[in-house]
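Subject: Structure handover

Dear colleague,

Here is the structure you were expecting, together with some notes on it. Please open it beside this email as you read.

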Amino acid sequence: ETTPPIATPEHTVEGFVRQYLRELTYTQGTTLERASVDDKYLALARTARAYLMSRWNRTVTQQYRQPVRGVAYLSAEYLLGRQLDNALIASGLEDIAQEALASLGLSLDELRAAEVEPGLGNGGLGRLAACFIDSLATMNIPAIGYGIRYEYGIFRQTFVDGRQVEEPDSWLDHGSPWEIARPEQEVEIAFGGHTEKTTVNGVERTTWTPGWSVLAIPYNYMVPGYLNGRVNTLRLWSARATRAFDLKIFNYGDYAAAVRAQTFAENITKVLYPEDSTPQGKELRLQQQYFFVAASLHDYIERLLGEGFDLRRLPERITFQLNDTHPVIAIPELMRILVDLKGLAWDEAWEITRKCFAYTCHTLLPEALEVWPVELMSRLLPRHMEIIYRINDEFLAQVRERYGDDEMLVRRMSIIAEHPERAVRMAFLASVGTSKINGVAELHSQLLREKVLTDFADLWPEKFTNVTNGVTPRRFVRLSNPGLSALITEAIGDGWATDLERLRELEPLADDAAFRAKFREVKQANKHRLVDLLARRDGIVIDPDTMLDVMVKRLHEYKRQMLKVLHVVSTYDKLRTGELDPASAVHRTVVFGAKAAPGYKMAKEIIALINHVGARVNADPVVSQALRVAFPANYNVTVAETLIPAADLSEQISLAGKEASGTGNMKFALNGALTVGTDDGANVEIRQLVGDDHFFLFGLTEPEASAIQEAGYRPSAHYEQNPSLRHALDLIASGEFSGGDRSVFEPIVSNLLYEDRFMVLADYQSYMDAQERVDAAYRDQDAWSRSAVLNVARSGFFSSDRSMRDYLDRIWHVDPMPIEG
Ligand code: 26Q
């Protein structure tokens, strides 16, 4: 450490005020009187950052070129959410900041609302990565996250006539106080061109002459541990044109055209792809993947390990954790580095490579498995394609050796698919090129072994393991539910936010009427916060004195928002016809939040249907006494933080065997919502932990669903046999929700009647029955809050700290490294 220590601003209101005014004056270049809200927010962000800066430097210094084992998390997505509050709670500054701002006549609430969240992810997978790096920092683990600095994150959703319209998310427009660019640490990334074989001293070598290249510029983000003085790094890469482009500018004559050509390179990190289940095989997407992975491997090996490191020892130092198949091109890239650039023998390089990588799978849907056409891979990454072919040849030789010449099996297991076109199966490459493969919930890991990667699990049973997902209690309880947090601390003391199993100590309090009353007060206050947010943000009016029934997640047929719609429509019908009495029925507000991939037609139709049903329900003077629907546009992490703590009922209703894990389900349970859910993903574990009496289970099990599919599923049979279901579908088909136009929702109805891939109709009655049990349970508010408290007390397992412990024990074998001083 050669830099003289610069004192961190004092941890007092005066210290905070001083630093704040300094930032406002010298960085923002303005005065309190003149400053815009953006100015004031930016100065506040920089103030919080200043408190963390020396801790960040200390952490980085300790990690840099030190011989300790660490982990590098490779993810194409990080759905971080707002940074300000997290920085403040991590450094114990919330109260100080509040007071300091108040003394300047400013409101923390107003300024925090000015932050645009970095939406650099689609949903579950990206948010999981954000939770994991939070836990790693809080647990003092030497870790770095690598990813992509998209200029445009997940699109902003608006509704026009109830239909989704996408708008660009230009999140960097208002300034980016949380990132620090390190242009001097740029990495050049090559694409295209051709390869040549040469023989040097009898040794065959391959050289790759690329056709073009771009620069990867790193931007560092702080990942503060919770109250532990540690700040890890998230390093996101941004694409820039190389100086070769600049040179051409001078030689070319056509200056303007040459400058325009630069934008070609810079397109690589322009936008996050909004598809999250049916990858489109787009060239730019493969460019993004290779771009960030190649930059990250180079950065780790050349900068963090440094000169003179013996790469044969690489597996002793690092595990590269592959978040789904998106970064799997790292496997041939490391082979290229070791063999072509560092001169290691193929076999030795392969052993190192396999030991360095581990792969997490996040899906069970066959259409979600990434494959890249060989034609594309060969054109963009010719050397990597050769390496993949050789990996495949040697792997298939091993298969033949083990099983004999079973050509069916060989074709099944080949990394290269032959139909419908020659393509690289990325999940297979990941299975062959890593030492561990994990699913994200018990059921998912089991189905992975039995249904998706069966042949690989048979060949290498010891490679397969499970790590059930988790969520960070710092953001999803401490920060988002201050009321519940205070109640918990009052009851069991602090420390629970980093040791979430301690919530068990709340169990006896479930039987304490006074505690339950306080719990209900907190829930009610959270509902009022939500009422305010929806009024302010969306102009939506909701009644806090109703059951809050929430389904928030990406829109997918397998997640079955349609099932929830059918429940709403059936209830509407019953209230309208008088079968249900609006005065005595349990009053519900059903809240949806969901974005559809822009090209996913059926998903967008379902969004329109939800909005149209909602409009009809809310406009009906009789029905709306007992049932209302709210669908705020642009559901994101920030909305989740207010919505989840207010919820009474959590909808987790995917067809069994389709949702890998789910993580929203965990956030709701931790905030004291009860779940109505299928036996799917992590719901299984939630139910086991909270107990059957405090969870509303319904629906087919995975084996039952599979058996029906195999025997030939006929959805229309359910329509024919079930009058209530028939009424609901007929009502939708009749034009009731589309101004009498029968054609609008016809595609949805006929899809359900004649295809229904995700068995909505098969689970309809069971779901309706479960909802009746929900109503009955809700009528007894005291019993309901007892269940809610037990949900909180028994959900400590779902902390992402526990997930990290499992990764550490089962996969990474990395030790914590406390920061001294
Ligand atoms: C791939 C190639 C091209 C374009 C896009 C993609 C792509 C992007 C995102 C494919 C998939 C995703 C995201 C998947 C995802 O979020 N999966 C969810 O992961 C969660 C965390 O493990 C689980 O809880 C959910 O069950 C799972 O659906």
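Overall

This is a predicted model. The average pLDDT of the protein chain is 96, and 98% of the residues score at least 70. For the complex, the predictor reports an ipTM of 0.97 and a pTM of 0.98.

The C-alpha trace of the protein chain spans about 90 × 75 × 60 Å along its principal axes. A compact globule of 821 residues would have a radius of gyration near 28 Å, so the 27 Å of the protein chain agrees with that. The protein chain contains 33 helices and 25 strands.

Domains

The domain assignment divides the protein chain into domain 1 (1-66 + 90-116), domain 2 (67-82 + 117-468 + 806-812) and domain 3 (500-797). Domain 1 and domain 2 have their C-alpha centres 34 Å apart. Between them, 19 residues of domain 1 are in contact with 22 residues of domain 2. On the side of domain 1 that touches domain 2, helix α2 (residues 37-63) gives the largest share, with 11 residues. By type, the residues on that side of domain 1 are 8 nonpolar, 5 polar and 6 charged.

The six-stranded sheet

An open sheet is formed by 6 strands with parallel pairing, in the order β22-β21-β20-β23-β24-β25. Its edge strands, β22 (627-630) and β25 (696-697), each pair on one side only. Within the sheet, strand β20 (residues 547-552) pairs with strand β23 (residues 649-652) in the parallel sense over 2 bridges. Opposite V550 stands S650, in β23.

A backbone detail belongs here. N634 is located in the loop between β22 and α24 (637-643). N634 is not a glycine, yet its phi is positive, at about 60 degrees.

The three-stranded sheet

Another open sheet has 3 strands in the order β15-β17-β16, and its pairing is antiparallel. Why is one side of β15 and of β16 left without a neighbour in the sheet? β15 (371-373) and β16 (416-417) stand at the edges and have a single partner strand each, so one side of each has no neighbour there. β16 runs antiparallel to strand β17 (residues 423-425), and 2 bridges join them. One of the bridge partners can be named: A417 is partnered by A423, in β17.

The loop between β16 and β17 holds P420. The peptide bond from H419 to P420 is cis, with omega near 0 degrees.

After that, the loops with P420 and N634 can be viewed in turn.

Regards

Notes. Residues numbered from 1 in each chain as written. Predicted model: local features only at pLDDT ≥ 70, side-chain atom pairs only at ≥ 80, totals over all residues. Domains from an automatic or database assignment. Contact = placed C-beta atoms within 7 Å. Helix = DSSP H or I, 4+ residues; strand = E, 2+ residues; numbered from the N terminus. Nonpolar A, V, L, I, M, F, W, Y, C, P; charged D, E, K, R; others polar. pLDDT = per-residue confidence, 0-100. Pairing = 2+ DSSP bridges. Rg over C-alpha atoms; globule rule 2.2 N^0.38 Å.
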